[in-house]
Amino acid sequence: MVFPKRLGWIPGAVAIALLIWFTFSTFGADRPIGASTAIAYMGAWLFDLQNGEYGKKIANPGAWEVIFLMGVLLGGFLTSVFITKTFKFRILPPLWKKHKNSSSASRLFWSFIGGFMVVFGARLAGGCTSGHFLSGASQTAISGLIFGGVVIVVLIVTGRLFYKNL
């Protein structure tokens, strides 16, 4: 069977929706989609803080989210290696090189800053981006839909500011 290197966005959206529906109606029916609690869970595990009040509170969702994230990582890797055959490990993506610079240090620095801001903001808000957007919006929660709309607007504005000449 030959798979196309890229799916169009409509077939891709339908495929993702079906996969999410199947996955969360069978394996994760009582669990939200999320990621940031996995970071807190792994931090508690690394620093032996699982028996603290917060460590006990996040034990079940954190463990689930670690498995969820490992599945995302493995699924993306297997898809890029065996289906689309596009896997490449690189620090400098072509878009970054074309519009920003050829410095790996710059790329790593801005990636860290961006990632830190997302995780800090998500934890400050008591949730995470994927939890608010994917779980909330898929359940048609007003807060999830508002959050998703705000994320899209901020994404467009930030992209325009960061990649000025795009």
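Read along the sequence, the protein follows the pattern α-α-α-α-α-α-α-α, and its secondary structure amounts to 8 helices and 0 strands. Helices here are DSSP runs of H or I with at least four residues, strands are runs of E with at least two, and the numbering starts from the N terminus. The model is predicted, so local features need a pLDDT of at least 70 and side-chain atom pairs count only at pLDDT 80 or more, while totals for chains, interfaces and linings use all residues. Residues are numbered from 1 along each chain as its sequence is written, and side-chain values use heavy atoms, with hydrogens and water left out.

**The whole chain**

Begin with the complete model in view. Along the principal axes, the C-alpha atoms fill a box of roughly 50 × 40 × 35 Å. Of the 166 residues, 19% count as buried; buried means under 20% relative accessible area, exposed means over 50%, and partly exposed lies in between, with a 1.4 Å probe and protein chains only. Among contacts (heavy atoms within 4.5 Å) with a separation of 6 or more, 53% are made by residues 24 or more positions apart.

**Helices α2 and α4**

Next, select residues 36-46, which form α2, together with residues 59-83, which form α4. The two helices pack at an angle of about 110°, with their axes 7 Å apart. Axes are lines fitted to C-alpha atoms, for helices over the stretch in contact, and angles run from 0 to 180 degrees between N-to-C directions. Helices α2 and α4 are therefore roughly perpendicular to each other. On this scale, angles under 35 degrees count as roughly parallel, over 145 as roughly antiparallel, 65 to 115 as roughly perpendicular, and the rest as oblique.

Show the side chains where the helices touch. From α2 come Ser36, Thr37, Ala38, Tyr41 and Met42, and these meet Ala59, Pro61, Gly62, Ala63, Glu65, Val66 and Leu69 of α4. The residues of this contact divide into 8 nonpolar, 3 polar and 1 charged. In this classification Ala, Val, Leu, Ile, Met, Phe, Trp, Tyr, Cys and Pro are nonpolar, Asp, Glu, Lys and Arg are charged, and the others, Gly among them, are polar.

Now centre the view on Glu65, in helix α4. Is this residue buried or exposed? Glu65 is buried, with a relative accessible area of 5%. Leaving aside neighbours within four places in sequence, Glu65 is in contact with Gly34, Ala35, Ser36, Thr37 and Ala38.

**Two positive phi angles**

Most residues other than glycine have a negative phi. Select Asp48, in the loop between α2 and α3 (53-57). Asp48 is not a glycine, yet has a positive phi of about 55°. With a relative accessible area of 60%, Asp48 is exposed.

Move on to Lys85, in the loop between α4 and α5 (94-99). Lys85 also is not a glycine and has a positive phi of about 55°, and at 58% relative accessibility Lys85 counts as exposed. Not counting residues up to four places away in sequence, Ser80 touches Lys85, Thr86 and Phe87.

**Helix α7**

Turn to α7, where Ser130, Gly131, Ser135, Gly136 and Ala137 are buried. These buried residues pack against α8. Pick out Ser135, a residue of helix α7 that counts as buried at 7% relative accessibility. Which residues does Ser135 touch, not counting residues up to four places away in sequence? They are Pro32, Ile33 and Ser130. Following α7, Thr140 has a positive phi, near 55°.

**The second largest pocket**

Finish by selecting α6 (104-124), α7 (129-138) and α8 (142-162), each of which supplies at least two residues of the lining of the second largest pocket. A pocket is an open set of points on a 1 Å grid over the protein atoms alone, where a 1.4 Å probe fits, with protein on both sides within 12 Å along at least five of seven lines; lining residues have an atom within 4 Å of a point. About 950 Å³ of space lies in this pocket, the volume being the space filled by probe spheres set on the points, which are joined across faces, edges and corners. Of its 26 lining residues, Gly114, Val118, Val154, Leu155 and Thr158 are the closest to the centre. Helix α6 gives the most to the lining, with 10 residues. By class, the lining has 16 nonpolar, 8 polar and 2 charged residues.
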